[in-house]
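I wanted a record of what I looked up in this model, in the order I went through it.

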Amino acid sequence: MIDKERLLKGRASHINPPNRFEPRHVEADWEQIEADEETQADLIRPKPEYLPDNSQSIVATNDSPDVGFRWSVNPYRGCSHGCAYCYARPGHEYLGLGAGLDFETKIMVKHRAAELLREFLGRPNWNPEVIVFSGVTDCYQPAEREFKLTRSCLEVALEARQPIGIITKNALVTRDLDLLRPMAAANLVHVNLSITTLDANLARGMEPRTSVPAARLRAIEALSKAGVPAAVMIGPVIPGLNDSEIPAILAAAAQAGARGAGYVVLRLPWSVRPVFLEWLGRIQPQARQRVEAAIRSVRGGAMNSTEWRERQMGTGARAEQIEQMFRTFKKKFQLEGPLPAYDFSQFRPPKPSSGQLPLF
């Protein structure tokens, strides 16, 4: 008998929910190969695939009133961090793929990211604003070790003196301290490390291919010692699962040198919900009913909300308690910020990819 759990070890999602845009959904017919365990294993075992993304632009705009930035760069689509709760999962459905295992194993790679960023920053009408890496999937996910797209984009940003914000769960960000240090000295960069729990076992199941919590705290410490302004992001707060850890996370981050803090409440849009609930029932079966009830308590009895601000913070008595606890301990541990202001005055358009300088 094939051990499906063993073959899917290290993946938060063990399912691929039906794509809501596709009229058909394919289900494996295991009865036809029930005697062939090798073939079953090949079909079940997820193998990472890096697929070329031929996007002709790299800087996306955002007009959501509850998101604190307008411009963002995402060098990758899909994310092999595989966080069970990731709100970006439904984006893979626009590509004809699944929000479960496909999202974690079929990673779209924008090989021209740095070139496209250089072209964008060279536009005559670009009036510099903060550009955030990344607004959707993690710019320091495992693929970055191989492709170094985030690093090459940072090289362009440093050349242009373009202010950058970074959001990541991966300690790999410290690899680029040689770029982040001079950017910080010129007030051109902030880094936000996302920490959802200090429990290594919970993190291993919920965020299987991210850096362990201790490594993220060490990354904050390394950034701080290098003079890079760092903040901690508790993203997401999952009512009934990790909300009680807010004080401890803020204390640990402050001790590591963080200078600011933020949080968002769990969102379960579209196909994120079945992925998260399947994970919760498999990894935390005793807590499933309690956590589901707690999530509903901050969503007006539902499992999700699409209302501005409400979707990020939740509503009701429990959401208010979470917000009050966060504010209290943020103040106690001196994480109220703000981080140093960005300096936009230094911006200068980067040299064109062709190397040909403009005449005028």
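**Ground rules.** I am working from a predicted model, where local features need pLDDT of at least 70, side-chain atom pairs count only at pLDDT 80 or more, and totals for chains, interfaces and linings use all residues. I number residues from 1 along each chain as its sequence is written, and side-chain values use heavy atoms, with hydrogens and water left out.

**Helices H9 and H10.** I began with H9 (residues 213–225) and H10 (residues 246–256). Helices here are DSSP runs of H or I with at least four residues, strands are runs of E with at least two, and both are numbered from the N terminus. At what angle do H9 and H10 pack? I read about 35°, with the axes 8 Å apart. Axes are lines fitted to C-alpha atoms, for helices over the stretch in contact, and angles run from 0 to 180 degrees between N-to-C directions. The crossing of H9 and H10 is right-handed. H9 contributes Leu217, Ile220, Glu221 and Ser224 to the contact, and H10 contributes Ala252, Ala253 and Ala256. Contact means heavy atoms within 4.5 Å. I sorted these residues by class and got five nonpolar, one polar and one charged. Nonpolar covers Ala, Val, Leu, Ile, Met, Phe, Trp, Tyr, Cys and Pro; charged covers Asp, Glu, Lys and Arg; the others, Gly among them, are polar.

**Helices H11 and H12.** Next I took H11 (residues 272–283) and H12 (residues 288–297). Their packing angle is about 145°, and their axes are 9 Å apart. This crossing is right-handed. From H11 I listed Arg273, Phe276, Leu277, Leu280 and Gly281; from H12, Arg288, Val291, Glu292, Ile295 and Arg296. The class count is five nonpolar, one polar and four charged.

**The sheet.** I then traced an open sheet of three strands, in the order S1-S5-S4, with mixed pairing. Strands pair if DSSP finds at least two bridges between them. S1 runs parallel to S5 (residues 106–109) over four bridges. Tyr50 has Ile107 of S5 as its bridge partner.

**Cis peptides.** I noted a cis bond between Phe133 and Ser134, with omega about -5°. Ser134 sits in the loop between S6 (131–133) and H5 (143–147). Another cis bond joins Gly235 and Pro236, with omega about 0°. Pro236 belongs to S9 (residues 230–237).

**Positive phi.** Arg161 is not a glycine, yet its phi is positive, near 55°. I placed Arg161 in the loop between H6 (149–160) and S7 (164–168). Asn187, also not a glycine, has a positive phi of about 60°. Asn187 is in the loop between H7 (177–185) and S8 (189–194).

**Glu104.** Last, I checked Glu104 in H3 (residues 101–105). Is Glu104 buried or exposed? Glu104 is buried, at 1% relative accessible area. Buried means under 20%, exposed over 50%, and partly exposed in between (1.4 Å probe, protein chains only). Leaving aside neighbours within four places in sequence, Glu104 contacts Arg11, Ala12, Ser13, Cys79, Ser80, Gly82 and Arg89.

Definitions and conventions:
Left-handed = near helix turned anticlockwise from the far one by under 90°.
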